[in-house]
Amino acid sequence: MKVQVGIIGGGPSGLLLAQLLNLQGVETLVLEKHSREHVLSRIRAGVLEHGFAELMREVQCGDRMDKEGEIHDGFFIAHDGICNRIDLKGLTGGNSVIVYGQTELTRDLYEGLDRMDGNVVHNAKDVQPHDIESSQPYLTWREGDKAKRVDCDYIIGADGFHGVSRKSIPKEKLREFERVYPFGWLGVLSQTKPVSSELIYAKHERGFALCSLRSQVLSRYYIQVPLSDTIEDWSDEAFWSELKKRLPSDVSQSLTTGPSLEKSIASLRSFVAEPMRYGNLFLAGDAAHIVPPTGARGLNSAASDIYYLYHAMVDHYQKSDDSGLMNYSETALARIWKAQRFSWWMTTLLHRFPDNIPYDDRLQRTDLEYLLSSKLAQASLAENYVGLPF
Ligand code: RFL
Ligand code: PHB
């Protein structure tokens, strides 16, 4: 079997690229380790930037997002008992974000691929790229007890942080940059009316909290927890009680609680692997970089890689122009590092760091007070939050 582009990973990155390329007549095969149900059971991102939404429309998968997603023109930063609004639209000259869950977006992409008879193999085990330095790379995997192989022009590693792609690049060819934060986020999804129609990021001495949503009847809340905590340590009652303590009292008083539909703990990490191309293997999305979720950049950064990769591939196949492929790593990384900086900054601004010395705490407080008093500082925050141009 031969395809032009073999894609490892059927998450948002892999599916979006497959769909974009298929629409341009480039043949792809997506190999996903898990079942579709499993992929669609993961609750992750909720905030999409304009550029991502445009890509969803370009792949003809944007209808439900445009109907059910919510346009958010601002969000709040809560601090010292007060909610301060960041006016994204006013500060950026008209930009906003869309609140639409990654789970729903992934479902839309799968349905789009189904409509086009796109090639996706689920439960593909032991996926392995081979001969990636050569002009004839190939992929092998197992389906049940059958060994499979596909030859490709290019292989895309879109298999997330724990995938096999990045690991198949020789160690001496890859430079990794990493910061691990000394806390995690405990997230709860509940079928309750969101406490606020716009997101609230709360800085509190007990730790960070975030009030987000998926719709007007589905809320998503997070609290900062120590890395040693497990979900068994957090009953629903304990979660709601702790969340209320970290929010301004008028917000806590209007919080509707209910049983959790999902509860999970995510550790927070900043990570970049350079370069994002080795031979004919191209890394995209979480396979190459991770951000802490505070600035809502992870999925959006994945989309920017896909944007560059898509245009580079189309230029290659339709115009015999390889400049996009040659420059992919450099171009993608320039934007990735800006998302890294922003996510690190927003995380540092709003969380409680257990090892901070008093000096650090004062600086953190000053940073926030400066932000809330300066329209120029807020404009920089807003520009990054709605997404820098591709
Ligand atoms: P994914 O989603 O991890 O998908 C990779 C896919 O590859 C499969 N896979 C393999 N397949 C074959 N063979 C192998 N060896 C394989 N190994 C893995 C996996 O099963 C999976 O299906 O990576 P992708 O596509 O690059 O997408 C990245 C996003 O998922 C991620 O960046 C975001 O979820 C991050 N994120 C957020 N991003 C935002 O832009 N806005 C947000 O509001 C936001 N909130 C979040 C987040 C991430 C969170 N967690 C759980 C860390 C909130 C949270 C809590
Ligand atoms: C979410 O709704 O899951 C969400 C929203 C904003 C973030 C992170 C996660 O910064």
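Modeller: In the classes used here, Ala, Val, Leu, Ile, Met, Phe, Trp, Tyr, Cys and Pro are nonpolar, Asp, Glu, Lys and Arg are charged, and the others, Gly among them, are polar. On that basis the shell around ligand 1 holds 14 nonpolar, 12 polar and 7 charged residues. The model is a predicted one.

There are 33 residues around ligand 1, and those that come nearest are E32, R42, Q102, D286 and L299. R42 also makes a polar contact: a polar atom of the R42 side chain is 2.7 Å from an oxygen atom of ligand 1. Two further contacts use the backbone. At K33, a backbone N or O atom is 3.1 Å from a nitrogen atom of ligand 1. At G298, a polar backbone atom lies 3.3 Å from an oxygen atom of ligand 1. Ligand 1 exposes 1000 Å² when taken alone, and the protein buries 88% of that area.

Next, the elements behind this shell. Helix α1 (12-23) and helix α9 (298-319) each contribute at least two residues to the shell around ligand 1. The largest share is from α9, with 3 residues. Helix α9 also packs with α3, which spans residues 50-58; the angle is about 55° and the axes are 9 Å apart. Angles under 35 degrees count as roughly parallel and 65 to 115 as roughly perpendicular, so α3 is oblique to α9. The crossing of α3 past α9 is left-handed.

Ligand 2 has its own shell of 14 residues, and the closest of them are Y201, S212, R214, Y222 and P293. Two of these residues make side-chain contacts with oxygen on the ligand. For R214, a polar side-chain atom is 2.7 Å from an oxygen atom of ligand 2. For Y222, a polar side-chain atom is 2.6 Å from an oxygen atom of ligand 2. A backbone contact comes from R44, where a polar backbone atom is 3.4 Å from an oxygen atom of ligand 2. Taken alone, ligand 2 exposes 280 Å², of which the protein buries 97%.

Strands β14 (209-215) and β15 (218-225) each give at least two residues to the shell around ligand 2. Strand β14 has the largest share, 3 residues. By class, the shell around ligand 2 consists of 8 nonpolar, 3 polar and 3 charged residues.

Methods: Residues numbered from 1 in each chain as written. Chains lettered and ligands numbered in written order. Predicted model: local features only at pLDDT ≥ 70, side-chain atom pairs only at ≥ 80, totals over all residues. Heavy atoms only, no water. Near = heavy atom within 4 Å. Polar contact = N/O pair within 3.5 Å; in protein donor to acceptor, adjacent residues only side chain to side chain. Areas by Shrake-Rupley, 256 points an atom, 1.4 Å probe, with all protein chains shown as cover. Helix = DSSP H or I, 4+ residues; strand = E, 2+ residues; numbered from the N terminus. Axes fitted to C-alpha atoms, helices over the stretch in contact; angles between N-to-C directions. Parallel < 35°, antiparallel > 145°, perpendicular 65-115°, else oblique. Left-handed = near helix turned anticlockwise from the far one by under 90°.
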